[in-house]
Amino acid sequence: MKHPTTIQITALKSLILAMADDEWMMGDRGATWLALTPDLEEDLAMSSISQDEIGHAALLYTLLEELGEPGADTMVYERGPENWHHAVIAQHPTHSWAEWVVRRYCYEVFDDIRRKALARIPYPPLIASLKKMDAEESYHLLHFRSLMSMLARGGPLSRSYVDTAILADWPLLADLFEWGGRDEAWVLWDAGQLAPSAMRSAFDLVVQRDLIAWELEWPGPVRVADRAARHHDNSKTLPELLQHMREVRHIALAGNW
Amino acid sequence: MSPHEILDTLKTVTDPEIPTLNIVDLGMVVSASGDPDIVIVLRPTYLGCPALDWIAQAVRKALEPLECQVSFDRTQIWSSTDMTEPGRARLSQFGIAPPPDDANMVPCPLCGSNNTHQSSPFGSTLCRSSYYCQDCRQPFETWKRI
């Protein structure tokens, strides 16, 4: 992409922003589990994984800055709720450890598919960033797979927690696959894998196979998102979440953190 | 200042948590030039590493009173194989096993025994995994392979 067109730059920005916001939210939500996970090893794992996600978000915000957007600090600490474009699942409150494990497992499977699809876009800074992330992310998917398998095989009680969590999260997965860009962009890039329908099928295939292997019930294909996907203009919970997330930083906005 | 002299100075800057391991042996230095301005490009081991700003600051300090420009190129891929042999030896000396070829075959950095197992792929920092030695009965950490 030597001389990207305006359509391509706009599309590229919405793709990167959606991913940056997902990674930020997942990292931030993951950090709230610290000292609350079932054991010490898991606390260490969640601290590393959350730090990774926040590092990835920071890199993606830097890519956006190179494309003319404000810097990472402004994006995270000053942006209004209407301009965040994470998937709703990334900010949804978690009611149990099993729900968090199911959510993260689904997210990691999706994120893996998304990174591979995004790597088709001929924008060298993005390709290099994805490659760097791949090395770190490989540990995440492995980890949540092993937690899923443990919970699924941990006896009737833990299994019932997973079953409940899967049913609770399934309807919330839909807008992960949407990104708000225009369809012609991925045709221009020969990146058909980015089409929401293609990402959904790839996701359904992997998750169905895994759940069957763990003898869990697969609730069927993920539903198609509605037009409000990844838009939070009317969210009642996001303003409060952002305020909570920014609380410490806002003690000294001008300070050097 | 010649690139060689700059690198020598950079060898005095160490990982903030591993005082035996310098950033050159760690493989973090991408380029260093001093003609006429000193420009140093580093790469992060892990993108989310909270020590990056601290390291950039330490580099500036090490080169004082000369001025230098330090930046991180986050798209330069660092791999655990970029660590030098002396770096691996110093890591081991400090009590952390260097990045292994096979995560299931890590000799204990404390007693040398091969009778060890991984207790978690994650550790006290982003770059480490947790292990246990069955012979000296000590937990230890291994630098993750990425």
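Let's start with a crossing: in this predicted model, helices H1(A) and H2(A) cross in a left-handed sense. H1 spans residues 6-31 of chain A and H2 covers residues 40-66 of chain A, and the two pack with their axes 8 Å apart at an angle of about 155 degrees. Because angles over 145 degrees count as roughly antiparallel, H1(A) is roughly antiparallel to H2(A).

Which residues meet where H1(A) and H2(A) touch? On the H1(A) side you will find, among them, Ile16(A), Leu17(A), Trp24(A), Gly27(A) and Gly30(A).

The contact between the chains draws 20 residues from chain A and 15 residues from chain B. On the chain A side, H2 and helix H5 (124-152) are the elements that give two or more residues. H2(A) supplies the largest share of that side, with 11 residues. The chain A side has 8 nonpolar, 7 polar and 5 charged residues.

Finally, step over to chain B itself, which is divided into domain 1 (3-81) and domain 2 (95-143). How many Å separate the centres of these two domains, taken over C-alpha atoms? The separation is 27 Å. The two domains of chain B also touch: domain 1 gives 7 residues to the contact and domain 2 gives 6 residues. On the domain 1 side, those residues divide into 3 nonpolar, 3 polar and 1 charged.

Definitions and conventions:
Residues are numbered from 1 along each chain as its sequence is written. Chains are lettered from A and ligands numbered from 1 in the order in which they are written. This is a predicted model: local features need pLDDT of at least 70, side-chain atom pairs count only at pLDDT 80 or more; totals for chains, interfaces and linings use all residues. Axes are lines fitted to C-alpha atoms, for helices over the stretch in contact, and angles run from 0 to 180 degrees between N-to-C directions. Helices (H or I, at least four residues) and strands (E, at least two) are DSSP runs, numbered from the N terminus. Angles under 35 degrees count as roughly parallel, over 145 as roughly antiparallel, 65 to 115 as roughly perpendicular and the rest as oblique. A crossing is left-handed if the near helix is turned anticlockwise from the far one by less than a right angle, and right-handed if clockwise. Ala, Val, Leu, Ile, Met, Phe, Trp, Tyr, Cys and Pro count as nonpolar, Asp, Glu, Lys and Arg as charged, and the others, Gly among them, as polar. Domain bounds come from an automatic or database domain assignment.
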